[in-house]
Amino acid sequence: MAIKNTRNFCIIAHIDHGKTTLSDRLLEFTGTIQKREAQEQLLDAMDLERERGITIKAHPIAMEYTAKNGHHYRLNLSDTPGHVDFSYEVSRSLAACEGALLIIDAAQGVEAQTVANVHLAEKQGLKLIPVINKIDLPNADVETAKKQLEDILAIPAEEAILASAKAGIGIESILEAIVERIPPPSGKSDAKLQALTFDSTFDTYRGVVIYTRIVQGTIRAGDPVKLMATNTSYDVKEVGVFKPQQPKFFVREKLQAGDIGYVIANIKTSSEVKVGDTLTGARNPAESPLPGFQVVQPMVFSGIYPINTADFEKLKAAMGKLQLNDAAFHYMAESSVALGFGFRCGFLGLLHMEIIIERLRREFDMDIIATYPSVIYEVLRTNGELLKVDNPEQLPDFSLIEEIREPMVICYIMIPNEYISPLMQLIMDKRGEIKHTESLDTKRVMLTTELPLNEILVDFVDKMKSITRGYGSMDYEHGEYRPNKLVKLDILVNGEPVDAFSSIVHRDKAESRGRALALKLKEVIPTQLYQVAIQAAIGGKIVARESVSAMRKNVTAKCYGGDITRKRKLLEKQKEGKKRMKAFGTVNIPQEAFIEVLKTG
Amino acid sequence: MVRHLYVHIPFCPKVCPYCSFYKEASDRNKTQAFLDAILLEADQSGEGLRPETIFFGGGTPTALSTLQLDFLISGLRARLDFSELREFTIEMNPATVSREKAAALLERGVNRVSMGVQSWDDALLKTLGRVHSASQARRSYHILREAGCRNVNLDLIFGVPGQSVALWRESLLRTLELAPDHISAYCLTYEEDTEYFERFRSGEFVPEEARDAEFFEVTMDVLSAAGFEQYEISNHAKPGRECLHNLAYWNGADYAGFGPSAFSTQAGLRRRNIADTAEYIRRIQGGLARHDFEESVPDGLRASEVVAFGLRTKQGISPEGIDPKVVSALTANGYLEASPDRLKLTRKGKLVADAVAAELL
Ligand SMILES: Nc1nc2c(ncn2[C@@H]2O[C@H](COP(=O)(O)OP(=O)(O)O)[C@@H](O)[C@H]2O)c(=O)[nH]1
Ligand SMILES: C[S@@+](CC[C@H](N)C(=O)[O-])C[C@H]1O[C@@H](n2cnc3c(N)ncnc32)[C@H](O)[C@@H]1O
Ligand code: SF4
Ligand SMILES: [Mg+2]
């Protein structure tokens, strides 16, 4: 197919505005899937995604479409995650596209994530096609949606296509707009190969599968290719495109300029493929690699440790597999006095962290502990040296610190008018500042605020949601570093600091947080044979103490013959329970304690 | 050779709301078939059994009539070798004791009686749903003594909702006045599938760890001062009056069990008879397998059971194979008393015996 008949696009939308439903309709309309095959939502492949209603992973899919002008087109659809934690993945998908459908729910209007994603798409020069979805709803308000398009996103309202993904309205207009408004890819199929690897996955039978956008040139099975960053060569075994249904891999003879598809090239380990790298011909390489895209740095860090030290290798393997299709996830071996050997992990944001932890638990069946999340602090030492610190344990002695700077974020929060004052209170509590306020319509406002990233890591979103009864939405962009009065808060168990519980917090909040943590731990640590003293300390000074007194009674009353089995099972259960706790000397701390500490903002 | 026999009699005059032993309200129509089934079971599996101890438990064995008990004991005697029998215990509910029954039982060889008094306070007996009063229990006790029973145990329960420590101390003292040979003092346990458990789950009954601990301590104080030795967590005996049958369980001996829900452990195999009287009878009559649970108890497992149970006894356990670090932490904190060849619970350790056992295993 000629490159001029190829269109590469993706869909950006706030959660629940209908991205997945619309994708399914497009796939049906183009005959890529039969209607009966369209199970609920085809594109959301992973369980976790379905549960959380977010698409974590981008899956490109090829469709064929004959337009009203009689020409035949190939449309490549990349799905994109909706949450800003995944802006990295969003920009990867965007990098493979020339255009994007921007979905707005006619009943909800523009949301915070819409704003953040539109900013991203515009930065990458994509053609946006606004789609106002769910016009079938009785409370659809198309006029307001159009006004918001113009006022907030500066997109001409007349470009909007009115649609209902559910009722199948406007699907053909959308396909026509894709063909008409999105430019075809540029690039020559007979030029030297330059293919952008924008993702990869690991298939048990095929090894590493590269997701690629061919920018120029052609790639075929049998071609010798090389990855430019690592300068390693491979023989291509197979190329093709993705289909939504099984078998997912649809073999093609070649991929050429403008195509999006996959390449399998006998690559054994995930670490060999750097996402963003350029694939070129081994014999006739391109002069330079593609600009790739900016490798985002993780913003949030946490230590992840196996509960059973023996699981270290298993955890390492699991992390390797996860990183393969989530290049934004970073990990590095570290050790903790309290927790033994584990990994320091970097995430794009808190949602990203939660998802990784949940996937480790669920898909890989790992019993793990995660330490309190940290951002990257800049620490200026008295000798003028500047350190980057993502783990409270790396802080130098406080007498050697000139100042500590923390990362700020610009946060867009959209809420119904009536919740402004409690929300402003929340922002104050989180050491934030409201930069400006803008009415979206008669009912909603958008607050542009500046907050320390550290303060929105743990419970900010939950609190914002609960204040606004679920009607608020937010998203953020990273801002600058700013010095602040930060201190290290330690938690001591029986006199020993448990490094996993340490955190860097603002001085004015340290004491109350210390008290809250100590109390929380007292609640979740079960009584045991030995008394447990819990203390919170700031710079060596104890600011709170609690204790879990030793158990008074724990003994079965009666043991007759048959009870032996029962009693033994009871003891076995006790032992099993202990195994799931982390032992610190004579104290056992249950997994929940670590989770609770994570939740105590 | 198996030396210990348990016979389960699953009938009670009235079912108590806290009790999870397998039992049903007495049913005259079933009893004869039941007795026949027990004897059939003795025919089927009495080989290799020469009991030193027999324990008739329940339920309430004395829910059977004098005649029925006579039939059962004579029947067993005709089938099994009683020549080495040293201890023959029968459990009683105070409401099911009569002069004739006591005399007949003693005449048939019963030499130990265990009676469920539970409390000497009528209000508490009512809370416990018992059919008898305190004075009836006292009368029954005297009947037993007058009939010539020289080895009597009384069961007591503490930690009952509404029971104060003072009331419990009082119950212990009233028990001592009667000079029994043995006292079993059980902390009330909320057992699944009982009315009490439901009330505990609904939050109506709230177990209080600290108060239960106090009950335990009072028990130890009062009974040891009266010359009783706590030879197992819940069991206190005058010298030489320990229950041999229970000691056999705790020492890991083999035993046979007849009757519905009875366990037996023989040659590394532990099995339970089905806990359903009608079904038990049907299977025995048809010569069918009567077990609904079975597990193998290899030597290693048996050894760890002996640790768990031995720890509860006055002999304690051997320190062999136990992590010395764990032992020294437990001794340093006053839970264990360690000598080169024995580990024993201290007084403080007895209160948390299960947690200590979990550390040691
Ligand atoms: N009434 C109506 N509901 C829709 C429409 N499109 C999607 N939905 C519903 O909106 C919800 C979210 O849709 P989904 O496609 O998962 O949104 P996503 O989170 O953006 O992928 C689902 O319950 C859909 O059935 C539409 O056009 N009309
Ligand atoms: C089978 S009964 C003894 C004889 C007779 N059935 C009676 O109740 O008088 C065994 C003893 O176990 C004790 N017991 C039963 N259920 C108990 C529970 N839930 N918690 C503590 N002890 C219990 C009682 O002390 C009872 O006397
Ligand atoms: S405590 Fe005794 S009398 Fe009451 S139900 Fe249980 S076995 Fe029967
Ligand atoms: Mg979706």
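The shell around ligand 1 is made up of 4 nonpolar, 8 polar and 5 charged residues, where Ala, Val, Leu, Ile, Met, Phe, Trp, Tyr, Cys and Pro count as nonpolar, Asp, Glu, Lys and Arg as charged, and the others, Gly among them, as polar. This is a predicted model, in which local features need pLDDT of at least 70, side-chain atom pairs count only at pLDDT 80 or more, and totals for chains, interfaces and linings use all residues. Residues are numbered from 1 along each chain as its sequence is written, while chains are lettered from A and ligands numbered from 1 in the order in which they are written.

Among the 17 residues around ligand 1, those that come nearest are Gly18(A), Lys19(A), Thr20(A), Thr21(A) and Lys166(A); a residue belongs to such a shell if its C-beta atom, placed from the backbone, lies within 6 Å of the molecule. Helix H1 (residues 19–29) of chain A contributes the most to this shell, with 3 residues; helices (H or I, at least four residues) and strands (E, at least two) are DSSP runs, numbered from the N terminus.

Ligand 2 sits between chains A and B. It is surrounded by 18 residues, of which Glu91(B), Asn93(B), Gly116(B), Asp155(B) and Tyr186(B) are the closest. Their classes are 7 nonpolar, 7 polar and 4 charged for the whole shell. In chain B, strand S4 (49–58), strand S6 (112–118) and strand S7 (152–158) each provide at least two residues of the shell around ligand 2.
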